[in-house]
Protein chains: 2
Amino acid sequence: MLNGVLTALSDPTRRAIMTELGAGERRVSDVAAPFEMSLNAVSKHVKTLERAGLVRRRRVGREHFLTANPAAFERAAEWFDAQRKFWNARLDRLEHLMTEEAGNE
Amino acid sequence: MLNGVLTALSDPTRRAIMTELGAGERRVSDVAAPFEMSLNAVSKHVKTLERAGLVRRRRVGREHFLTANPAAFERAAEWFDAQRKFWNARLDRLEHLMTEEAGNE
DNA sequence: ATGATGTTCAACCATCTGGTTGAATGTATA
DNA sequence: TATACATTCAACCAGATGGTTGAACATCAT
């Protein structure tokens, strides 16, 4: 869902986690290590990303391995792309009108 | 700022407002009309979008005319595009490795 | 001047959010 | 078995968020 993905990614910590996972599979505590907040806080962020479908979890014994699920980006990326296209078209149309106007002067 | 734009757009009401403004300049009360919430609530949402740079306001007498500022989308759109490119490259690399692996069997 | 219109401001409220700490759970290891 | 490790769960807290209502402000129309 677009909503969940956008909400999840509107937090800088969570975007950083996604970037971190860009380097490959990581355990929860590895992901948490660079941050100054508690492991618990990061664990919550991971859960949020997971709920949004952006992160997948693989349990091996007591360790939880996390991977990014890039497919989940798609909806949001597409939404922004659609916006971009729409506004570009609109600006082009506007510009076109203005040059036409100029031609009539 | 990426953060502000993403946060602003993570709310469905605010995304709807942006869509509404896609049709052209609108007064605050016109923007508010289709929503079931109070004018005040929408006014607050507009202010949020304005703070994020996504909306511009033009005061004419007592009326405030709003327009979308598509340029503000750019950062966010670019961020998603960068993500998309990064993950596609990563998947390609992975696929490549796997076919190489298969060739060695 | 009066009153209606368009909008914001201010105070309030319930819920969400992002963080904390401490305990619980499950698993590996000595 | 006892202990250390990896992680989550639960309770709590402060501050943000999204909504409400009522008053204030500025402007237009009579």
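Begin with the largest pocket of this predicted model, which has a volume of about 190 Å³. Which of the elements gives the most to the lining of the largest pocket? That is H5(B), with 4 residues. If you colour the selection by class, you will find 6 nonpolar, 3 polar and 3 charged residues in the lining.

Now show the strands of chain A as a cartoon: 3 strands form an open sheet in the order E1-E3-E2, with antiparallel pairing. E1 and E2 of chain A stand at the edges, each with a single partner strand, so one side of each has no neighbour in the sheet.

Next, go through the pairings of this sheet one at a time. Strand E1 (residues 26–27) of chain A is joined to E3(A) by 2 bridges, and the two run antiparallel; here Arg26(A) stands opposite Leu66(A), while Arg27(A) has Phe65(A) as its bridge partner in E3(A). On the other pairing, strand E2 (residues 55–60) of chain A is joined to E3(A) by 6 bridges, again in the antiparallel sense. Follow E2(A) into E3(A) and you reach the hairpin, which has 2 residues between the strands and in which Gly61(A) takes a positive phi near 60°.

Which strands does helix H2 (residues 12–21) of chain A touch? H2 of chain A touches E1, E2 and E3 of chain A, and its direction makes about 90° with that of E3(A). Helix H4 (residues 39–51) of chain A touches E2 and E3 of chain A, with its direction at about 115° to that of E2(A).

Turn next to chain B and select its strands, where 3 strands form an open, antiparallel sheet in the order E1-E3-E2. The edge strands are E1 (26–27) and E2 (55–60) of chain B, each of which pairs on one side only. E2(B) pairs with strand E3 (residues 63–68) of chain B over 6 bridges in the antiparallel sense, and within E3(B) you can find Thr67(B) opposite Arg56(B). Helix H2 (residues 12–21) of chain B lies across E1, E2 and E3 of chain B, at about 90° to E3(B), and helix H4 (residues 39–51) of chain B lies across E2 and E3 of chain B, at about 115° to E2(B).

For the last stop, display both chains together and superpose them. Chain B can be laid on chain A with an RMSD of 0.0 Å by a turn of 180° and a shift of 0.0 Å along the axis, which is the relation of a two-fold axis. The same surface serves both copies, in that 100% of the contact residues of chain B recur in chain A.

Note on methods:
Residues numbered from 1 in each chain as written. Chains lettered and ligands numbered in written order. Predicted model: local features only at pLDDT ≥ 70, side-chain atom pairs only at ≥ 80, totals over all residues. Heavy atoms only, no water. 1 Å grid on protein atoms, 1.4 Å probe; cavity = no way out; pocket = protein on both sides within 12 Å on 5 of 7 lines; lining within 4 Å. Points joined across faces, edges and corners; volume = space filled by probe spheres on them. Nonpolar A, V, L, I, M, F, W, Y, C, P; charged D, E, K, R; others polar. Least-squares fit on C-alpha atoms with pLDDT ≥ 70 in both. Contact = heavy atoms within 4.5 Å. Pairing = 2+ DSSP bridges. Axes fitted to C-alpha atoms, helices over the stretch in contact; angles between N-to-C directions.
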